[in-house]
Amino acid sequence: MEVNLISDTVTCPSPGMLDAMMQARVGDDVFKEDPTVNALEEKAAQMFGKEAALFFPSGTMANQTGIKLHTQPGDQLICDKYAHVYNYEGGGVSFNSGVSCKLVDGDRGMMEAPQVEAAVNPPDFYHSPRTRLVCIENTTNKGGGACWDMEELERIREVCNRHGLAYHLDGARIWNALVATGTKPEQYGALFDTISVCLSKGLGCPVGSLLLGSKADMDQALRIRKILGGGMRQAGYLAAAGIYALDHQVEDLAEDHRKAREIGALLEDKAFVSYVAPVETNIVIFEVFQDRVTDTALSALLGEQGIRLIGMGQGKLRMVTHRDYTPAMHAYVLEVLDGLEF
Ligand SMILES: *Cc1c(COP(=O)(O)O)cnc(C)c1O
């Protein structure tokens with residue numbers, strides 16, 4: 001059996017989604033004349049209680065546009081040391097915006113308000129970069145799919161207000177947080193100036209992300225997206241997948257979370273596993289005792305049995321469950337993991 005657990009980005013469109021894509025009404029979205037893209041943007045903006053939204057080819061471009069919107073070259077943003085915008089966007093923060101990152105040493109990708117406040121540079125001390133923006137990630141990727149506490153997010157909003165900082169949410173997996181915690185999209189919309197969301201991860205779309213914010217910010221984001229080369233023409237075929245996912249596939253994430261919890265629980269009992277990060281959503285991060293088995297040896301061994309996961313180095317490994325990970329695959333993975341002894 002072939003089982004791919006390297007990421008939830010490996011998902012393919014379901015038959016219902018493919019049907020919706022085939023039937024999409026389209027136009028030229030660079031002229032803002034694609035009715036399906038316009039409908040998706042309106043739908044997403046309404047969900048989160050924001051004035052407007054803009055469709056993007058990738059979450060990276062949506063985040064980079066958000067950062068560009070809120071900063072000038074030379075400015076600094078504050079984020080956790082695990083943040084995707086810092087670690088996995090190719091240095092785009094400096095390339096696109098000329099901005100540096102002040103890293104906070106948080107817990108599983110999550111910072112506390114006093115840490116954020118301490119990271120703000122004094123505005124009258126002109127030797128240091130001007131702090132302009134705080135970036136949050138929910139759920140945290142490198143932090144193992146952890147979900148933020150809403151009250152901490154509110155306290156950080158207050159820090160932003162006190163210091164005149166913009167507040168951006170990298171919500172690539174916000175859907176997982178919504179399903180796992182029962183929080184509502186409009187709670188995030190009320191807190192953040194801009195929010196990026198991905199449709200192409202657990203929701204199963206082939207391509208697509210959105211940036212949400214005020215009408216004025218999205219007008220400016222349209223210009224930035226053009227500069228970054230992110231204008232697409234008959235993108236309604238992709239937007240139709242997004243509308244379908246929001247209508248039919250969000251609740252399915254609970255199933256991914258259940259499977260991830262079961263994998264985590266099984267790993268907890270293994271003598272060669274030194275640590276399993278708390279499994280809150282669809283990401284399982286665990287560490288092995290390297291004197292028993294190294295992460296590279298373990299991922300090679302599982303690879304021989306058709307199971308792909310990601311080695312993160314230093315004994316850490318990551319598995320991500322998703323909608324194309326079937327019950328039969330899950331049973332097989334549990335059986336193989338249960339049989340491992342080192
Ligand atoms: C996947 C991801 C993104 C965006 O990635 P793209 O591959 O560019 O769509 C942004 N932030 C986080 C936390 C992610 O996991």
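## Close-up views of a predicted model

**View 1. Contact between helices α2 and α11.** In α2, Thr36, Val37, Ala39, Leu40, Lys43 and Met47 are in contact with Gly236, Ala239, Ala240, Gly242, Ile243, Leu246 and Asp247 of α11, where contact means heavy atoms within 4.5 Å. By class, this contact of α2 with α11 has 8 nonpolar, 3 polar and 2 charged residues; Gly counts as polar, and Asp, Glu, Lys and Arg count as charged. The model is predicted, with local features requiring pLDDT of at least 70 and side-chain atom pairs pLDDT 80 or more, whereas totals for chains, interfaces and linings use all residues. Residues are numbered from 1 along each chain, and side-chain values use heavy atoms, without hydrogens or water.

**View 2. Crossing of the two helix axes.** The axes of α2 (residues 35-48) and α11 (residues 236-248) come within 8 Å and cross at roughly 35°; axes are lines fitted to C-alpha atoms over the stretch in contact, with angles from 0 to 180 degrees between N-to-C directions. The crossing of α2 and α11 is left-handed, that is, the near helix is turned anticlockwise from the far one by less than a right angle.

View 3. A polar contact is a pair of N or O atoms within 3.5 Å. A ligand nitrogen atom lies 2.6 Å from a polar side-chain atom of Asp170. Ligand oxygen atoms are involved at 2.8 Å from a polar backbone atom of Gly59 and at 3.0 Å from a side-chain N or O atom of Arg173.

Key: Polar contact = N/O pair within 3.5 Å; in protein donor to acceptor, adjacent residues only side chain to side chain. Helix = DSSP H or I, 4+ residues; strand = E, 2+ residues; numbered from the N terminus.
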